Amino acid sequence: MPKEIVINNQVIKPGKEAEVNLNLYRLPTRTIMEIPVHVFRSMEDGPVLLLTAGLHGDETNGIEIVRQLLRGGYFSKLKKGSVLAMPIINIISFLNHSRDLPDGKDLNRCFPGSQSGSLGSRIAYDMMKEIIPQIDFGVDFHTGGAKINNYPQLRCVFSDNKNLELAKLFGSPFILDAPYREKTLRHEAAKKGKEILVYEAGESMRFNKTAITEGINGCLRMMKNLGMIDVEVPECETKVLNDTTWVRADMSGLFRTTKKYGSLIKKNEVIGTLSDPYGEIEEQLKAPETGYIIGINNQPVVNEGDALIHIGME
Ligand SMILES: [Zn+2]
């Protein structure tokens with residue numbers, strides 16, 4: 001018999017679907033902010049999967065991935081187990097088109113949170129109390145920044161076999177070793193024995209078709225591999241990257257590259273140019289290693305030391 005799922009005092013029985021609220025949060029206008037949790041349950045016992053997005057309010061690709069997964073109706077046909085889907089955790093920052101909370105805090109540095117803390121701390125506390133104890137593992141969908149465009153990549157901890165195994169079931173174009181960071185959802189969930197993978201793709205406030213498609217396919221592939229659903233999912237050639245490095249600007253000025261993200265580059269190959277804005281100085285940027293471009297800075301005006309191209313090595 002599947003275990004009971006209870007969120008915010010609401011019981012969701014096997015075979016049922018429900019939309020519940022994580023909690024209610026009162027804003028300065030007396031407006032009540034709700035954070036919806038969509039719950040789907042099979043009659044059969046099986047993995048309980050958490051899908052989260054919008055921990056950072058401007059990371060629209062992640063939000064779109066979970067929205068399309070909900071819209072696709074895949075979770076209404078679960079063969080076993082349950083899905084908890086939260087398309088936007090950081091509702092207020094989503095409305096503000098901002099990454100962080102109104103008080104400047106990063107919600108993904110507020111974990112494990114506290115019941116009487118600031119808004120971010122309270123949301124984190126409710127996630128740890130109401131959601132994390134119910135799940136077996138999860139995928140947290142993120143997006144690159146306003147400058148950096150990430151090629152679809154899954155971040156996990158290679159020293160944890162279960163983590164890497166789960167990442168391979170998802171099968172993103174790239175899998176990276178990313179150590180835990182303090183006060184993140186991923187780290188605090190791991191302390192409770194719940195594995196959460198972080199998917200990063202595209203750039204903030206922009207839809208990116210590859211980022212969205214790879215995220216959806218990865219999630220469906222993982223669920224299919226776990227026997228939760230029965231769907232056709234295209235294969236994905238996954239590269240496991242053991243190390244990464246940033247190519248940084250060694251002068252301030254204008255940056256440009258002709259390289260496509262996701263592509264393989266050879267050591268010492270020219271991958272871009274840096275110049276002053278007056279047509280006098282121009283220098284070539286060379287690849288320090290052979291590897292794949294997993295992130296590119298799309299902002300042409302750069303300062304000395306800025307991160308320009310993220311390279312991942314097999
Ligand atoms: Zn993020």
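Which side chain is joined to that of Arg99 by a polar contact of 3.2 Å? Select Arg99 and Asp106 together, since theirs are the side chains that this contact joins; a polar contact is a pair of N or O atoms within 3.5 Å, where within protein one must be able to donate a hydrogen and the other to accept it, and residues adjacent in sequence count only if both atoms are side-chain atoms.

Before going on, note that this is a predicted model, in which local features need pLDDT of at least 70 and side-chain atom pairs count only at pLDDT 80 or more, while totals for chains, interfaces and linings use all residues. Residues are numbered from 1 along each chain as its sequence is written, and side-chain values use heavy atoms, with hydrogens and water left out.

**Stop 1: around Arg99**

Stay with Arg99, which lies in the loop between α2 and α3; helices (H or I, at least four residues) and strands (E, at least two) are DSSP runs, numbered from the N terminus. At 33% relative accessibility Arg99 counts as partly exposed, a class that sits between buried (under 20% relative accessible area) and exposed (over 50%), with a 1.4 Å probe and protein chains only. Leaving aside neighbours within four places in sequence, Arg99 is in contact with residues including Leu55, Gly57, Asp58, Asn90 and Ser93, contact meaning heavy atoms within 4.5 Å.

**Stop 2: the zinc ion**

Select the zinc ion, and display His56 (ND1), Glu59 (OE), Glu59 (OE) and His142 (ND1), which coordinate the zinc ion at 2.0 to 2.4 Å. Donors are N, O and S atoms within 2.8 Å of the metal (3.2 Å for Na, K and Ca), and water is not among the atoms, so sites may look incomplete. The 4 donor atoms subtend angles of 58 to 150°, and the arrangement is therefore irregular; four donors count as tetrahedral if all angles lie between 85 and 135 degrees, four count as square planar and six as octahedral if opposite donors are over 155 degrees apart and all others between 65 and 115, and anything else is irregular. Along the sequence, the donor residues follow the spacing H-x2-E-x82-H, and both His56 and Glu59 are buried.

**Stop 3: helix α1**

Now select residues 60–71, which form helix α1, with 12 residues and a reach of 16 Å from first C-alpha to last, close to the 16 Å expected at 1.5 Å a residue; the expected span is 1.5 Å times one less than the number of residues. The buried residues of α1 include Thr60, Ile63, Val66 and Leu69, and the elements against which the buried residues of α1 pack include β5, β6, β7 (137–142) and α6. Just after α1, look for Gly73, which takes a positive phi of about 75°.

**Stop 4**

Helix α3, at residues 119–131, has 13 residues and reaches 17 Å, close to the 18 Å expected. Among its buried residues are Ile123, Met127 and Ile131, and what covers the buried residues of α3 includes β1 (5–7), β3 (17–26), β4 (32–41) and α5 (185–191).

Ile131 is, with Leu84 and Phe141, one of the residues touching the most other members of the largest nonpolar core, which has 71 residues; such a core is a set of buried Ala, Val, Leu, Ile, Met, Phe, Trp, Tyr and Cys residues joined through side-chain atoms within 4.5 Å. Helix α6 (residues 209–225) supplies the largest share of this core, 7 residues. A second, separate core has 16 residues, including Val247, Leu285, Ile311 and Met313.

**Stop 5: helix α6**

With α6 selected, one finds a mostly covered helix, in which 12 of the 17 residues are buried. At its start, a side-chain oxygen of Asn208 reaches to within 3.0 Å of the backbone nitrogen of Thr210, and just after α6, Gly227 takes a positive phi of about 75°.

**Stop 6: Gln153**

Finish at Gln153, in strand β8 (residues 148–156), which is buried with a relative accessible area of 0%. The side chain of Gln153 makes a polar contact of 2.8 Å with the side chain of Arg155, and also reaches the backbone oxygen of Ile294 at 2.9 Å.
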